[in-house]
Amino acid sequence: MVREELLRLRASAEAEAATLAESLDALFTASRDSNADDEHDPEGATIGFERAQLAALLATARERIAEVDDALRRVDTATYGICERCGQPIAEERLAARPFARCCIACA
Ligand SMILES: [Zn+2]
């Protein structure tokens, strides 16, 4: 059940990353084609800002995928739901909110 939830999270993070990567590609192409000058052209500055935002979102989505993969590994080794620091079980509410949590609330 946890595994399914994690796989579902992974799929949605992957879809998000793919969409973001595509938007980022489109922006790169757009800024190259328009020959935008990032410093002096207001439109170029907007593209630069959007690009930075998309890149940050993409990094977050990829981090999420890595976190979920890590949680899946813990499911496989039966250490899922156990705090990495103190070895105590992680509270169910915390796992419900953050299925990929590695530490209990006290250690986080
Ligand atoms: Zn702990």
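Biologist: How many helices and strands does the protein have?

Modeller: The protein has three helices and zero strands. Helices (H or I, at least four residues) and strands (E, at least two) are DSSP runs, numbered from the N terminus. The order from the N terminus is α-α-α. This is a predicted model, where local features need pLDDT of at least 70, side-chain atom pairs count only at pLDDT 80 or more, and totals for chains, interfaces and linings use all residues. Residues are numbered from 1 along each chain as its sequence is written, and side-chain values use heavy atoms, with hydrogens and water left out.

Biologist: What is the radius of gyration of the protein?

Modeller: Start with the rule: 2.2 Å times the number of residues to the power 0.38 for a globule, with the radius taken over C-alpha atoms. For 108 residues, a compact globule would come out near 13 Å, but the protein has 19 Å. Along the principal axes, the C-alpha trace spans about 55 × 25 × 20 Å.

Biologist: Which domains is the protein divided into?

Modeller: Such bounds come from an automatic or database domain assignment. Here they give domain 1 (2-77) and domain 2 (81-108). Nine residues from domain 1 and six residues from domain 2 make the contact, meaning heavy atoms within 4.5 Å. The C-alpha centres of the two domains lie 27 Å apart.

Biologist: What percentage of the residues count as buried?

Modeller: Buried means under 20% relative accessible area, exposed over 50%, and partly exposed in between (1.4 Å probe, protein chains only). In this protein, 31% of the 108 residues count as buried.
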